[in-house]
Amino acid sequence: MGTTGSVLQASSPAVTQVYLADTDTLVVEIVQGKVNNLGQEGYDPVEGDTIRRSEDDLVLSYNGEGAIGNWPKNAEVRRSVNGQITTVGYLLEGPDILALKDTGEGDPLNVTLAMDTASYSLAIQGDPAVTEQPVSVERKSKPLENGKNDGGMSIRHRLYLKFSSPLSWTRAYQLNISPLGLDQEVVSFNIQRDRQWTEVLHVNQVGYHPEDTFKQATLSLWKGTGGAHDYDNWIGKSFHLVDEFTHKTVFTGQIQKLQDETDIDVAFSNGRNNTAAPVYGLDFSAFSETGRFRVLVPGLGISYPFPITSSAWGEAFQISMMGLLHHRSGIELGPPFTPYERPLTFHPDMGVKVLQTDVTILEGESSAIEESLTRLYETADEVPEAWGGYMDAGDWDRRTQHLAATYGLLEIFDLYPDFFESLTLALPENEVTNTIPDILDEALWNVEFYQRLQREDGGVRGGVESTAHPRNGEGSWQETLLVGAYDVDALSTFRFASSAAKLSRLLAPYDESRATTLREDSIRAYTWGVDNADATVNRLPDSDQSNARDNITQAQAVAAVELYHLTGTNAYHDDALSILDPLGSSLSFGDNHRDSVFAYAALPSNLANTSLQDRAVEYFIEAADKALNLQSGNPHGIAPFNEFIPMMGFVGYFSVPQMISRSLPRAYALTGDTRYRNGALAACNFPNGANPDNLCYTTGIGAFYPTAPLHIDSRVTGQPVPAGITIYGPSDPANETFTFNDWVHTWRLSFNQNMVPDSRTWPAAESHVNIFDWPSMSEYTIHQTIGPTAIYWGYLAGSSGSAPGLEKGVGKDEDGDGLEDSVEYAIIEADPDDRFTTLEQVLPWRDYDVDGLTNFEEMIQDSHPAIPGMGTIALGNDTQTFLIAMFQQGEKGPFQFMVSSDLNIWTPVGVPFDSMGDLHQTDLSGMASDTVFVRVEKTGD
């Protein structure tokens, strides 16, 4: 895409893409507005500033002098800006720091003109006398981002221009849009057979292992005001896989219909088609070569790129595990193990005090902590050992629910030890250099936090919680709320016992001393849990007791099986048999005992009761068959463990494979039946980008992912969101009966028609909106989203049977991460800031030159990992093609075309250029080689 004619003001809405939705339908994508995340700065008062503290919103906390009391929660700094009094930010208690409110800039799109066919005039380039106007215009608009504290909004508009005749693949066009007052008046573009991206093709951007026997893309389009778009006339036509590097077609298949617009998704309880359009399948399961590819439908365009490599699932797992790393409490984060920087937080070395409360996690969250500390803060004991663990989104609590994520990591290590023993993760130096497998290091971080919270008598505290959600503007290291440790309870204690016992058994070959301590502590915990289960339940209101007792029994069953596996002591086996006995007569009993039933199914056969173990395996076969049946009733492979759960926020229907269940990979691990692995692969497609939004629901994955999860620390510092966060994702906006989301639909989406059509009418599969402070959409937790996603991807990585990151032809790899030493040295030598000095610091899944290819993908494509651009493309002498370069926002040139015949010596050709929006051309006819390699290089500072 390029521009001609006058260029308007930078504040004008901008044309970002032009592409086809069908042969006669052109899409013009326009983005209006920009959100500026300004972070924090030292507070320098301006004359006339006022500080407003609401006396109606008090919280038990420290004030600026360190005194404890019920103080106003937030301090707004009000200032006259351009003659209007406005909130410019929030003043932190204590330090003179101002957390600036996000700001917005840019003019809105004139939607009346945008919907007028007379606003558009299409001409063939070189023949401007012949013009055509669209016969209709349809619109789909929604926010791309809303700043924190409602500070500005960016909106993406997609305008669907239908013409009376198809557009030609062989033509260059000019679209005159001057009436709209955009950043450009004329858009020049070529519809290229193998280079033009289109939103209608949806692919799993994580990719696949070459031996995966399920690989499928989808085709669909909902046009907003234009409704469903059908591609029935494309059924049976060919689609292709094209190599991202050579542009060669490597596979051809036929388009098939998966679902009609009127079909109901049987996997869900909302009784409607969640795509609101027909969906078509593009199956390439038979393809097993390695590389980086795009799906191409001639006449429509291409998809986002995706890899097929033996490391694809391993790399996805590694990135997801960074989500856990980035939520560690009690540690400083930053280079060299992560680019995301955060100071030391919630550690006694900072002077943080954690006070002992008299409430358990079964009795409430922050409000229960506040009530307890209101009574006790003057006399409460300090708990200095209460540091570590993982923080959740939106606040800084660390709760024993998070042990479910750790237990799942131990489960996949137990199943696939050879794979995970050699898999490297991003970790602090002291963990990288020890002899413990990295995945067990990550498990230790969480388990040892609760080990420190264990009392001498064996009881384990339920975690740590503050007296409220954070004050506006505070980062986790700046917390001024009171912080309390929960009292001990049987549920938390059994959760710890199961994870500690499993970790003890797996850790023993690598660190016998720590394994022995964990063994002893898990035994003490189990004994305390048995002795105090009734006392834990009896302190609760009558209405809560039954549910609490069930949860405690479920947790005890897991601990009993794990301690039996660890010690061989028959008393633990007897306890497990007593709890799991109903499974013998009813497999549905396993629905609430999945972890203990799987742990029993996975026991060595010489330890297990044969009859019960057989029933445990039968349960997972039945659960997996049910998941496959649900999967067959929707076109996206979504396989919830329970079709009756309402499709609402805080669940992760669309963002987490199988939500918090993993019946399909567990069934595959127990039976080896490839149907279950294929089902697990299909369940990953939607959350990994094969959805109508082309959105990967985990940050740092794929070409397009959420940029505004509810991650407060990155927002208050003005940093990009760190990698590895899986958000809750959308719920069904049409069927929401709860009122806690009314505010966002009313004041953020319906207001000023920021979302069109009306937000309540959007199909659920496309209803994600990137709004930072919308908890049911953008929040996440360790145990509901980040952990389950990592575990699921880890199952697929471990069960692939391939060593991580190894491909045919890979040369010397001293650090064993799958990335050739030569590639790593190229990055080390090119890095001007000396951030990388060792091979271990250069990670395969990172993208050093920010050109859209990971370091590993640069290696398998033989492109240079330290030269920016959109990778290297190969041109045959008889081929005319276009190199599309991706630039970071605001990046300045000059840029230069570079050519090579051997990928070693690069020669500049043509004239350097600055404008990133123009179509630049250069003549390559003088190159003598049969093949010319081309890339774009930045040549200036």
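This is a predicted model: local features need pLDDT of at least 70, side-chain atom pairs count only at pLDDT 80 or more; totals for chains, interfaces and linings use all residues.
Entry one, the overall search. I searched the whole structure for salt bridges, and the search returned 43 of them. I then looked up several pairs one by one.

Entry two, R158 and E199. I found that R158 forms a salt bridge with E199, with 3.2 Å between the closest N and O atoms. Because R158 sits in strand β16 (residues 153-162) while E199 sits in the loop between β18 (184-190) and β19 (201-202), I note that the pair ties together parts that are 41 residues apart in sequence. I also checked the accessibility of the two partners, and both R158 and E199 are buried.

I looked up D742 next and found a salt bridge with R760, in which the closest N and O atoms are 2.8 Å apart. D742 belongs to helix α17 (residues 742-749) and R760 to the loop between α17 and α18 (775-778), so this pair ties together parts that are 18 residues apart in sequence. D742 counts as partly exposed because its relative accessibility is 30%, and R760, at 23%, counts as partly exposed too.

I recorded a salt bridge between D457 and R455, whose closest N and O atoms are 2.8 Å apart. With a relative accessibility of 41%, D457 counts as partly exposed, and R455, at 29%, likewise counts as partly exposed.

Definitions and conventions
Residues are numbered from 1 along each chain as its sequence is written. Side-chain values use heavy atoms; hydrogens and water are left out. A salt bridge is a side-chain nitrogen of Lys or Arg within 4 Å of a carboxyl oxygen of Asp or Glu. Helices (H or I, at least four residues) and strands (E, at least two) are DSSP runs, numbered from the N terminus. Buried means under 20% relative accessible area, exposed over 50%, partly exposed in between (1.4 Å probe, protein chains only).
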